[in-house]
Amino acid sequence: MSLRSSADKKAPNAPQPSQEKQAKLLASDTGHFSMIKALHLADLITDLNGFCGFMSILSSMRYCLGPPDSFGNMWAALAFMPFGLFFDFMDGKVARWRGKSSLMGQELDSLADLISFGVAPAACAFALGLRTPLDTLFLSFFVLCGLTRLARFNVTVSSLPKDSTGKSKYFEGTPIPTSLGIVSGMAWCVWSGMVEGGSQGVLGGVWDLGFGGGVHPIVGIFVGWGCAMVSKSIHIPKP
């Protein structure tokens, strides 16, 4: 889930004037760039979250193209994701400060979170050595769990229990930004040389299963994290 939702700020059955105005602007055909006028400041900040995620992915790709023992691009890839989290926090603060909720902002938030906290961590893991066919299958599972979790949140947020302010009381399943826990672990592995091209190789080595090029057991962390995101029984209280 994202850390911002217009449905968390306003009653779901009462469209706000700012939402109605934005919907009219988006539906109108007044020019090639008329959509820009419909964006709120918080929406632009959300776009910066997506920008950080995409830059992280590009940095991972640059690392794959360079010498395996030159980690400058990988450090950049890992650093962009916490910046994405910063913008993920800030968009909600700005939306509340300006008193403007945005249905488009809710959708942008989910898409940006998928890039920054789903695809980008998986791309980093691939760049750091989880590259066998089975590894990539499990990394895809992690990304798809994040995608499904975000879609579920957008569908069910209006039906979750609310507090006196109209904000959902808890997250259903672990929020996708918690994948920064994996990112911090990958940063430690890079620092310790326990990655492809490092002094010690990928942490945990590789299991040769006789097919699919084997599998790195550490990829199981991504599988477990994906399962936690789509869990129905895990309830994380909202701050």
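## V183 and helix α8

V183 is buried, because its relative accessible area is 5% and buried means under 20% relative accessible area, exposed over 50% and partly exposed in between (1.4 Å probe, protein chains only). The place of V183 is in helix α8, which spans residues 180-192. Helices (H or I, at least four residues) and strands (E, at least two) are DSSP runs, numbered from the N terminus. Along the chain, V183 and C124 are 59 residues apart, while their C-alpha atoms are separated by 8.4 Å.

The model is predicted, so local features need pLDDT of at least 70 and side-chain atom pairs count only at pLDDT 80 or more, whereas totals for chains, interfaces and linings use all residues. Residues are numbered from 1 along each chain as its sequence is written, and side-chain values use heavy atoms, with hydrogens and water left out.

## Overall composition

The protein has nine helices and two strands. Read from the N terminus on, its elements follow the order α-α-α-α-α-α-α-β-α-α-β. Of the 239 residues in the protein, 46% are buried.

## The second largest pocket

The second largest pocket holds about 260 Å³ of space. On a 1 Å grid over the protein atoms alone, a pocket is an open set of points where a 1.4 Å probe fits, with protein on both sides within 12 Å along at least five of seven lines; lining residues have an atom within 4 Å of a point. Grid points are joined across faces, edges and corners, and a volume is the space filled by probe spheres set on the points.

The lining of this pocket comprises 17 residues, and G185, M186, C189, I218 and F222 lie nearest its centre. Two or more lining residues come from each of α8 (180-192) and α9 (220-230). Helix α8 gives the largest share of the lining, five residues. By residue class, the lining has 14 nonpolar residues, three polar and no charged; here Ala, Val, Leu, Ile, Met, Phe, Trp, Tyr, Cys and Pro count as nonpolar, Asp, Glu, Lys and Arg as charged, and the others, Gly among them, as polar.

F222 is found in helix α9. Its relative accessibility is 4%, so F222 counts as buried. F222 and V143 are 79 residues apart in sequence, and their C-alpha atoms are 9.0 Å apart in space.

The loop between α8 and α9 contains G201. With a relative accessible area of 22%, G201 is partly exposed.

## Salt bridges

The structure holds two salt bridges, each defined as a side-chain nitrogen of Lys or Arg within 4 Å of a carboxyl oxygen of Asp or Glu. In one of them, the side chains of E172 and R152 meet at 3.7 Å, N to O. E172 lies in strand β1 (residues 170-172) and R152 in helix α7 (residues 133-156), so this pair ties together parts that are 20 residues apart in sequence. Both E172 and R152 are buried, and the relative accessibility of E172 is 8%.

E172 also meets K232 in a salt bridge, at 3.1 Å from N to O. This pair links distant parts of the chain, 60 residues apart, with E172 in strand β1 and K232 in the loop between α9 and β2 (235-237). K232 counts as exposed, because its relative accessibility is 56%. Through shared partners, the salt bridges join R152, E172 and K232 into one network.

L41, L44 and W97 form a nonpolar patch on the surface, and together they have about 340 Å² of accessible area. Patches are made of residues with over 30% relative accessible area and no salt bridge; like charges are joined within 9 Å and nonpolar side chains (Val, Leu, Ile, Met, Phe, Trp, Tyr) within 5 Å. Accessible areas come from the Shrake-Rupley method with a 1.4 Å probe, and for residues only the protein chains shown count as cover. L41 lies in helix α4 and is partly exposed, with a relative accessible area of 36%.

F54 also has its place in helix α4 (residues 41-65). F54 counts as partly exposed at 45% relative accessibility. F54 and F80 are 26 residues apart along the chain, and 8.8 Å separates their C-alpha atoms.
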